[in-house]
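User: I would like to learn how to read strands and helices in a model like this one. Please take me through a few features.

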Amino acid sequence: MGAGHAHLLHRPGDTAVHRLPAQVKVVAALAVVLCVVSTPRGEFAAFGLYLLLLACVWALARVPPGWLAKRALIEAPFVVLAVVLPFTAGGPTVGLLGLRLSETGLLAGWNILAKGTLGVLVSLTLSATTSPRDLLVGLQRLRVPALVITIATLMLRYLEVISAEAARMRVARICRGHDPRFLWQAGATARAVGTLFIRSYERGERVHLAMVSRGWTGTMPDAGRAAAPRTWLAGLVPAVGAALVLGTTLWG
Amino acid sequence: MPETAADDTPTTRPPALLVEGLAYAYPDGHQALFGIDLRVEPGERVAVLGPNGAGKTTLVLHLNGVHTPGAGRVAVAGLPVAKANLREVRRRVGIVFQDPDDQLFMPTVREDVAFGPANFGLRGAELDARVAAALAAVGMAEHADRSPMHLSGGQRRRVALATVLACDPEVLVLDEPSANLEPVARRELAEVLLGLGRTTLMVTHDLPYALQLCPRSVLVDEGVVVADGPTRELLADTALLAAHRLELPFGFRLD
Ligand SMILES: Nc1ncnc2c1ncn2[C@@H]1O[C@H](COP(=O)(O)OP(=O)(O)OP(=O)(O)O)[C@@H](O)[C@H]1O
Ligand SMILES: [Mg+2]
């Protein structure tokens, strides 16, 4: 039943990156994303440097790029948008492989693609190296309002609940002779998706009730530990790196 | 687990659980309870029997304020189950849910068992000791660092029980605790429950188990209490059992 779903976005490990207190990682990730977003879209080298910076963190945390690539697929809709833009935007055009493409559209597409990909990769790096629980404790330490933390908890829980429920329903369907490879059985799969949402919602409700029954009031009981100034400095190295890249592109 | 001595003079204290005229309809309009009356004295162990869909789980979920009564009232040791008292009520009443998958959600067994007592203010060494004692009581100490999602059905049920034992509630409410358990684990669970000496309300379809653990039983059907009395007398009434889709297992005799 639902084996393995517990680590959908998390990749447990015991590296320096994993051990870093969550609040430090959250701040570092946020800072890097801010740098990426404020980089002018024409500064191609800067985006390369950001990627290099991330690659260093992955090496430290021993997260294989393939693992990240598979999960980065959630940004596929944005990729489509980025591909469509060069054909639809107006203004001056450039020739590429015999196609007339809008120059502003091309740049806008690249802008979405580069910043979106980097943003997704940063978030994935954070979630890969921080367990959901630590993440919540980290947010709590950063004095994020309890309501936001509650919503985040529920989202994390529903994500796991849905994937577990999906795995169970798939097993139940297959055991009753359903073979999802056949096209004419696609209907059953589609109906299952609908049922899945209702069932996940109801199970999520019951899990919530069970949490409430054990005295849960919306905050994680474990308040975590404060990070020493040196830990903050070490953890913020990638953020400082990103800030340097941004600084040189803006004033260099 | 620390012991609370079961007081033999219950009349001097308010009932551990008091349910009066409890009626409840689910949000989809389905009326599940039609006026339940139940009084459980401190230290009593009471079995709740009844067919599928009788309203047993619905009743249980009123005892710590998960559901809000449509009519009637519920009190725990004299304290009304109302919004202002919910935290105290939940500290006093520990519910083990029917489906362990609803109960377990943390990445490891240890964290899941620590979740409740930490919510109620326990920290550090005291918390660790409480978690260790609860896991030992259900024989799951060696699985403390595994993910609850990767345990067998019976193991999950035991961990679910430990999550509630760790909260050290005055009243223990168990919704079908023996389902999915191997015979030995079932007997060990009985020993744990008897050893705790807590006020216990146990929903079960396992009639011999009810007889073994609970001197008193209430029979619920179609949202009302249809019988309430000594378990042995209730189970000896074949006509009553048959009228409510209950029967003793093959070969089981009451004599
Ligand atoms: N979430 C819900 N929404 C609507 N109706 C519900 C819901 N949960 C239960 N019911 C209905 O309420 C009635 C009582 O259900 P309840 O779960 O209390 O039964 P039960 O006595 O615990 O049965 P079982 O022995 O099968 O666990 C049933 O008719 C059931 O269909
Ligand atoms: Mg039930």
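User: In E9(B), which residue is the bridge partner of B:Leu49?

Analyst: First, the ground rules. This is a predicted model, where local features need pLDDT of at least 70, side-chain atom pairs count only at pLDDT 80 or more, and totals for chains, interfaces and linings use all residues. Residues are numbered from 1 along each chain as its sequence is written, chains are lettered from A and ligands numbered from 1 in the order in which they are written, and side-chain values use heavy atoms, with hydrogens and water left out. Helices (H or I, at least four residues) and strands (E, at least two) are DSSP runs, numbered from the N terminus. Two strands pair if DSSP finds at least two bridges between them. Here the partner of B:Leu49 in E9(B) is B:Leu219. Strand E3 (residues 45-49) of chain B and E9(B) run parallel, joined by 4 bridges.

User: Which strand do 6 bridges join to E9(B)?

Analyst: Strand E10 (residues 224-230) of chain B, and that pair runs antiparallel. B:Arg216 stands opposite B:Pro230 in E10(B). The hairpin of E9(B) and E10(B) has 2 residues between the strands, and B:Glu222 takes a positive phi near 50 degrees.

User: How many residues of strand E9 (residues 216-221) of chain B are buried?

Analyst: Buried means under 20% relative accessible area, exposed over 50%, partly exposed in between (1.4 Å probe, protein chains only). In E9(B), 6 of its 6 residues are buried. B:Arg216, B:Val218 and B:Val220 point one way, while B:Ser217, B:Leu219 and B:Asp221 point the other.

User: Which are the edge strands of the open sheet in chain B?

Analyst: The sheet has 4 strands in the order E2-E1-E4-E5, with antiparallel pairing. Its edges are strand E2 (31-40) and strand E5 (79-80) of chain B, each pairing on one side only. Strand E4 (residues 71-76) of chain B pairs with E5(B) over 2 bridges. B:Leu79 is the bridge partner of B:Val76.

User: Now a helix. Which residues of H7(B) are buried?

Analyst: An α-helix has 3.6 residues a turn, so residues three or four places apart point the same way. In H7(B), the buried ones are B:Ala185, B:Leu189, B:Ala190, B:Val192, B:Leu193 and B:Leu196. Seen down the axis, they fall within an arc of 160 degrees (taken from the directions from the helix axis to the C-beta atoms), so they line one face of the helix.

User: What covers the buried residues of H7(B)?

Analyst: A contact means heavy atoms within 4.5 Å. The cover includes helix H5 (124-137), helix H6 (153-165) and strand E7 (171-175) of chain B. Just after H7(B), B:Gly197 takes a positive phi of about 60 degrees.
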